[in-house]
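Reader: Hi! I have a new model open and would like to go through a few parts of it with you. Shall we start?

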Amino acid sequence: MGDVADKIAYFQAITGVEDADLCTEILAAHGWDLELAISVFTSQNDHSAPDNPAFEPPTTSNLTPPVETTGLIAGGNGGAAAATGPPGIAWKIITLPFSIISGGLGLISGAVGLGVWAAGGVLSYSMRMIGLNSGRNGESSSALVSVSAATAEAMSFVDDFDRDFGSIRPHFTAEGFMDALQRSRHEFKLLFVYLHSPEHPDTPIFCERTLCNEALVAFINENFVAWGGSIRASEGFKMSNSLKASKFPFCAVVMAATNQRIALLQQVEGPKSPEELLTALQRVLEESAPVLVSARLEAEERRNNIRLREEQDAAYRAALEADQARERQRIEEQERQEREAAEAERKRKEEEEARERAAREAAEREAALAKSREEKLQSLGPEPEKGPDVTQVLVRFPTGERKERRFQCSTTIQSLYDYVDSLGCLEVEKYSLVSNFPRTVYGSEKLALSLKDTGLHPQASLFVELNS
């Protein structure tokens, strides 16, 4: 992370320190090495105050979320509580960094806190039972852990654990912490959390003799949703800071709470025997049982009420839909009839207009043809009498009809075409005048030639050949 503001925001999210100036001093004193600053600050905060006043930890209200505790927290510094042994289980409300919350498969967005999906869930009910109030809002946003990254880390942890210690183990879910937390809420179970420190000398013996103990494994798998993470991975490291893990091996039992928080019900720090860990888990399970049972019964009652309402709503909707369907059919039938009537009327008008238009166009064409024939006939002039300069022309049509006329030998081929057009014997406009023996086509290139020049004088026999 190269940006100073991002480093400050990330440091605030991990440590819970809200004073931006103090965060700036701490980061600057460590050369803006984010991981080193977090590690040193966490170590100093867990064990002793630093000598340098510049690194004095902030007050509890600035450093950690509000905590209300009753009863026992096993292991670590919980010995005093164990001695007094007041009734009830320990409740410690912990605010999660936004980077942990946002890694949970799209469970929330930046504008909607963890409390949205947890509302009405197990911890909402349990908080009301013991009278705990919500504390401050969630931490500032830090760098997001993508869903694929959180899942990949969980899968890698499970694979490494199986390789090192075998497959007889708690059924650690191969998913991010927030997904495991939601799974526990949906199954009305507590979430068993194991933070794995691979380099700690007590870790191998604890995993082999305690965490892989068959009786303990069977108890955890039956009564808890289990999630594990290595503190060398991103999400495991952040959870170790959120849970303030100061001694390893580290186990905890948590539940979902509101406002980006979880409730820490039990934590076990340091090497423990299978019997000690089993006793601690049995106790937290026994004391949480009324809350879980009540939540499960409430959820079942809600589901039954919802199912009953859905059945009633479904019957009402079915009757309403049937009435609406009949009304729609009536309206559709009426509209169909109106459309058909309108369409029939439109077609009738179009056909009538088309007939009138066709008749008008045909009349106009006929008038134009008649006028053209008359003009061409007038252009020919009167038929000349027989004489040496007069050519006798015979024209045969495709129908077998024959027409004869005399023309001056100086008359052009175009005049022969005008003569044929003026007769009105053809239905087509494109044709050619052709003579046989030898075959000669008098096309457009010969229109200006005279009958004499083309060898048609003193008499010619032509036939009309239609052009395709």
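Reader: Which residue is the bridge partner of Val193 in E3?
Author: Trp227 is the bridge partner of Val193. Keep in mind that this is a predicted model.

Reader: Thanks! In what sense do E2 and E3 pair, and over how many bridges?
Author: Strand E2, residues 190-196, pairs with E3 in the parallel sense, over seven bridges.

Reader: And is E3 enclosed or open?
Author: E3 spans residues 224-230, and seven of its seven residues are buried, so the strand is largely enclosed by the rest of the structure. Phe224, Ala226, Gly228 and Ser230 are buried on one side, and Val225, Trp227 and Gly229 are buried on the other.

Reader: Nice. Switching to helices, how many residues of H10 are buried?
Author: Eight of its ten residues, so to speak a mostly covered helix, running over residues 177-186. Among the buried ones are Phe177, Met178, Leu181 and Arg185.

Reader: What comes just after H10?
Author: Phe188, which takes a positive phi of about 55°.

Reader: One more: at what angle do H14 and H15 pack?
Author: Helix H14 (residues 274-380) and helix H15 (residues 413-423) pack at about 135°, with their axes 8 Å apart. That angle makes H14 oblique to H15. Their crossing is left-handed.

Reader: Which residues make the contact?
Author: From H14, Arg373, Lys376, Leu377, Ser379 and Leu380; from H15, Ser415, Asp418, Tyr419, Asp421, Ser422 and Leu423.

Reader: And by class?
Author: The contact of H14 with H15 has four nonpolar, three polar and four charged residues.

Terms used:
Residues are numbered from 1 along each chain as its sequence is written. This is a predicted model: local features need pLDDT of at least 70, side-chain atom pairs count only at pLDDT 80 or more; totals for chains, interfaces and linings use all residues. Side-chain values use heavy atoms; hydrogens and water are left out. Axes are lines fitted to C-alpha atoms, for helices over the stretch in contact, and angles run from 0 to 180 degrees between N-to-C directions. Helices (H or I, at least four residues) and strands (E, at least two) are DSSP runs, numbered from the N terminus. Angles under 35 degrees count as roughly parallel, over 145 as roughly antiparallel, 65 to 115 as roughly perpendicular and the rest as oblique. A crossing is left-handed if the near helix is turned anticlockwise from the far one by less than a right angle, and right-handed if clockwise. Contact means heavy atoms within 4.5 Å. Ala, Val, Leu, Ile, Met, Phe, Trp, Tyr, Cys and Pro count as nonpolar, Asp, Glu, Lys and Arg as charged, and the others, Gly among them, as polar. Buried means under 20% relative accessible area, exposed over 50%, partly exposed in between (1.4 Å probe, protein chains only). Two strands pair if DSSP finds at least two bridges between them.
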